[in-house]
Amino acid sequence: MSEKWDVVIVGGGASGLGAAVEAATRGLKTLLLEQDDFTKGTSSRSTKLVHGGVRYLAQGNISLVLEALRERGLMKQNAPHLVKDQSFIIPSYKWWVKPYYTLGLTAYDLMAGRLGLGRSLPYSRKKTLKHIPTLIKEKLRGGVVYHDGQFDDARYGINLCQTFVENGGTAINYMKVVGLNKTNGNISGVTVIDQETEEKFEINAKVVVNATGVFVDDIIKMDAPKSRDIVCVSQGVHLVLDKEFVPNDYAIMIPKTDDGRVLFAVPWHNKVVVGTTDIQKETAELEPKALDEEIDFILETAGRFLTKMPKRSDVKSVFAGLRPLAAPTGEGKKTKEISRGHKIYTSDSGLVTITGGKWTTYRQMAEETVDTASKVAGFVLKKSITRKLPLHGWKQNVDLTDSLYFYGSDSEKILALAKSNKDMELCLSQNLGIIKAQVVWAVRNEMARTVEDVLSRRTRALLLDARESARIAPEVAAIMAIELGKDEAWIEKQINKYTSLAANYVLN
């Protein structure tokens, strides 16, 4: 803690982790601090898409689409074990849908250039139903297929964190920034509290980057209490259903719903993620909850297109995420109309804040943020190398039927760990394909500190089947206690805390 850091990055989500990798690989001594767990907030609660943004194309935001399409291709190159091609079908129930979207999506393909994932094409009724047999057949004229990316957001974040550490960075979760320190009016470090021990520390830095997502205004006000809010918070909700609702590998995209948003039904880890909504929120919170109106909207909209209408009892898990949208200067804009572009601000005292953006453009955001921070601190930086930087776990052609595929090259090490001790090979959940070795691996190699860290983000049990995740929580707590040297009281506290959390992901 007495060391002088070049950069302290506050926030362990997509933008913070991206900036950390960018800073470390360009030769800066970098510390990343996260108040909870890495990707705890928005960055583990996305629609699981790596996409250029068909909706942004319709809005005429060409520059954002071009940037996102380029970055989509780079994400796939740099983490092929986590980012895969996903075919989407827009079902056509009106005569104009096929020509209209074929034309628009062909432009989308051309904009992607050599980083494109495949051609958009009109599909006949027969071909559409072959790929998505659960679509309502009445009045179906066919569909339009297009290609985008699909990924595991929290796992991508963990691999970013590992890449950061491998490049000389230091990352600490459960370390909350409670104050900004100044020397002669300029920011010179942060005051932090260790959330596990409640110890307080002062940390020195040449420049501080605020990458706290929906909480950026809290940090800005530590610097300048009278600052206006620069973030507009919007909530998006997703429901997770069994694969039977969309049984093949194709996803469904409904381009125009009643609230003017698009709705996706995307295959993910042998389940289907359906969403999303867009409701403005007054305040940011770490554990947002889905509103009944959002749940009903998704179920009702999906039911208009699927032969089997999903009911509340079919939902395996419901999760809500908050989007940090860069607040527009004009009044009265609805959140769905606010650009998903990012903005970087530098305060008079030298605090660098990154806000807005989305997962797909995290690397570009990170590069620009570190460029800005280097100007503030007067660093002479090496050229950015992150465009062609393979992430930890990089592995080409993973077998998606393997329950450990998302670990990439680490999957072999987890299997070796399992074989080293017969007990570690035992299955915790047949349904979710989780073995004991994954829990041990998460503690030893992925900085998991709580049962939630393991079940929500190191594995995705909480999001895939909340009830099943609660069932295995006691066993996970017992395994972690041995690894972390914790007692029975810790186990009991962890089980209670997780059970109560998981209850919010279950629909009654």
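**Salt bridges and helix packing**

Biologist: What is the relative accessible area of Lys-206?
Modeller: Lys-206 has a relative accessible area of 43%, so it is partly exposed. Here buried means under 20%, exposed means over 50%, and partly exposed lies in between (1.4 Å probe, protein chains only). This is a predicted model, where local features need pLDDT of at least 70 and side-chain atom pairs need 80 or more, while totals for chains, interfaces and linings use all residues. Residues count from 1 along each chain as its sequence is written, and side-chain values use heavy atoms, without hydrogens or water.

Biologist: Which side chain does Lys-206 meet in a salt bridge?
Modeller: Asp-6, at 3.2 Å from N to O. A salt bridge puts a side-chain nitrogen of Lys or Arg within 4 Å of a carboxyl oxygen of Asp or Glu.

Biologist: Is Asp-6 buried or exposed?
Modeller: Asp-6 counts as buried, because its relative accessibility is 13%.

Biologist: How many salt bridges does the structure hold?
Modeller: There are 37.

Biologist: What does Arg-155 pair with?
Modeller: Arg-155 forms a salt bridge with Glu-446, and their closest N and O atoms are 2.8 Å apart.

Biologist: Is Arg-155 buried or exposed?
Modeller: Arg-155 is buried, at 0% relative accessibility. Glu-446 is buried too, at 3%.

Biologist: How far is Phe-406 from Arg-155?
Modeller: In sequence, 251 residues; in space, 7.4 Å from C-alpha to C-alpha. Phe-406 sits in the loop between helix H9 (362-377) and helix H10 (410-420). Phe-406 is buried, with a relative accessible area of 7%.

Biologist: Back to H12. Which side chains meet at 2.9 Å, N to O?
Modeller: Asp-453 and Arg-457, in a salt bridge. They are four residues apart in helix H12, so about one helical turn separates them.

Biologist: Which residues are linked with them in a network of salt bridges?
Modeller: The network also takes in Asp-37, Lys-40, Arg-45, Glu-287, Glu-452 and Arg-458.

Biologist: New topic, helix packing. What angle do H11 and H14 pack at?
Modeller: About 40°, with the axes 10 Å apart; H14 covers residues 466-484. Axes are lines fitted to C-alpha atoms, for helices over the stretch in contact, and angles run from 0 to 180 degrees between N-to-C directions. H11 and H14 are therefore oblique to each other. Under 35 degrees counts as roughly parallel, over 145 as roughly antiparallel, 65 to 115 as roughly perpendicular, and the rest as oblique.

Biologist: At what angle do H3 and H4 cross?
Modeller: At roughly 60°, and their axes come within 9 Å. That makes H3 oblique to H4. Helix H3 spans residues 62-78.

Biologist: Where is Trp-95 placed?
Modeller: In the loop between strand E4 (83-92) and helix H4 (97-112).

Biologist: Is Trp-95 buried or exposed?
Modeller: Trp-95 is exposed, because its relative accessible area is 64%.

Note on methods: Helices (H or I, at least four residues) and strands (E, at least two) are DSSP runs, numbered from the N terminus.
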